[in-house]
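Open the model in your viewer and keep the sequence panel beside it. Each stop below tells you what to select and what you will find there.

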Amino acid sequence: MILWNTYVFFQIFKNEERVKMEYWADAQKTIINADENTEIELPYKIISNNKTIPIILTDEKDSIIGHKNIDEKEMALPLEAKSILQKLKKQNEPIKFEYVPGKFQYLYYGNSSLINKLKYFPIALLLIIFLFGALVYNYYRSTKMATQNKLWAGMAKETAHQIGTPLSSLMGWLEIMKADNVAESTIVEIEKDIARLQNITDRFSKIGSEPVLETKDLVAETENSFLYLQSRFSKQVEFSFKAPKLAIMVSLNPALHSWTIENLMKNAIDAMKGKGKLDVIIEEDKANIVKIKVIDSGMGIPKKQFKSIFEPGFTTKKRGWGLGLSLTKRIVEDYHKGKIKVLSSEIGKGTTMQISFRKQLNH
């Protein structure tokens, strides 16, 4: 209704200005034909009181013979004057008047400053409506995401609780195996897997809670996760780990950082279909930033998906919920205040994922 009323007001003002210009043309005609007995005070007032509507007066050959409320400098340039005249022709129909029998002049006029302001009012109103709609949508979306986050956190904690029972039983069976003198190498590997299960349980229990960060050697923590996965994947994957020889101290949560590295490495192996080359490289730069790059020789990621792969539910697999990279992004950016991104990718040749952390300078 506001837009409709604005349109109605606009038309009313346009019609009123049209009437004013018709009076102006009559006043101009009166002054042109005036003699010593003609009263010209009123026509002169009508002409001089127009201070807002731009006017150009032309003859029958379209030659400019007068103007008002237009910059003198612009009108002094023939090409600029012609351009202004063309603009006025597009804004309103000219008023044609016969100032002497058989002789005509044409009055071209533009919109006043009031009309121009009123013309942009609906646009401003639509922008306000759009902004309001966007705020409502963002509020709805953030509320929905908060509800989903609570649901995922609850499911994760319940999963950790459910894993705890068989894990305790496995630890009991492990003690029986030790008592039965089962081969030491078998015991060691089972202990590693039980420790990994305990680590996974710890990870899931931390979802939804603020993790405790510790100052740890990023190289050692990353290498431990790398070596664990390397020993449990096919020999068809060529693994490579490169890092500085010195320790790089970073504030992180070991369990969650291990989860991050495992997610990236597993995604890389999936992208290679279990066969190819996987490199994990740790680099330092001069800005006190340390970067971890996970490079695979897999199928690559289209550029348009560089950001969407981190959204919850995004997956290219037939199985899976598409939460791995979403959780990884949350662990890196929300908990560790780092950055994660697709550094580069080429279809059919591979992908480079990069994580960035700020180093601890006091170490």
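Select helix 9 (residues 324-335). Its buried residues are L325, S326, T328, I331, V332, E333 and Y335; buried means under 20% relative accessible area, exposed over 50%, and partly exposed in between, with a 1.4 Å probe and protein chains only. Helices (H or I, at least four residues) and strands (E, at least two) are DSSP runs, numbered from the N terminus. This is a predicted model, in which local features need pLDDT of at least 70 and side-chain atom pairs count only at pLDDT 80 or more, while totals for chains, interfaces and linings use all residues. Residues are numbered from 1 along each chain as its sequence is written, and side-chain values use heavy atoms, with hydrogens and water left out.

Stay on helix 9 and show its neighbours. Its buried residues pack against helix 8 (254-271), strand 10 (339-346) and strand 11. After helix 9 comes K337, with a positive phi near 55 degrees.

Next, select T352 in strand 11 (residues 350-358). T352 counts as buried because its relative accessibility is 11%. Beyond its neighbours within four places in sequence, T352 is in contact (heavy atoms within 4.5 Å) with K293, V294, I295, K341, V342, L343 and S344.

Now select M265, L278, I292 and F357. Of the 33 residues in the largest nonpolar core, these four touch the most other members. A nonpolar core is a set of buried Ala, Val, Leu, Ile, Met, Phe, Trp, Tyr and Cys residues joined through side-chain atoms within 4.5 Å. Leaving out residues up to four places away in sequence, I292 touches residues including L218, H257, I261, V280 and F357. Another core, of 13 residues, lies apart from it, and includes M21, I47, I55 and L57.

Which residues does A27 touch, not counting those up to four places away in sequence? They are P43, I46 and I47. A27 lies in helix 1 and is buried, at 3% relative accessibility. A27 and I46 are 19 residues apart in sequence, yet 6.7 Å apart in space, C-alpha to C-alpha.

Move to the charged pairs. A salt bridge is a side-chain nitrogen of Lys or Arg within 4 Å of a carboxyl oxygen of Asp or Glu, and by this rule the count comes to 15. Select D193 and R232, whose side chains form a salt bridge (3.1 Å, N to O). D193 is in helix 6 and R232 in the loop between helix 7 (218-230) and strand 6 (237-242), so the pair ties together parts that are 39 residues apart in sequence.

Then select K359 and E284, which meet in a salt bridge at 2.8 Å, N to O. K359 lies in the segment after strand 11 and E284 in strand 8 (residues 276-284), so this pair links parts that are 75 residues apart in sequence. K359 counts as buried, at 17% relative accessibility, whereas E284 is partly exposed, at 42%.

Finish at N181, in the loop between helix 5 (113-179) and helix 6 (184-206). Is N181 buried or exposed? N181 is exposed, with a relative accessible area of 69%. Its phi is positive, about 55 degrees, although N181 is not a glycine.

How values were computed
The expected span of a helix is 1.5 Å times one less than its number of residues.
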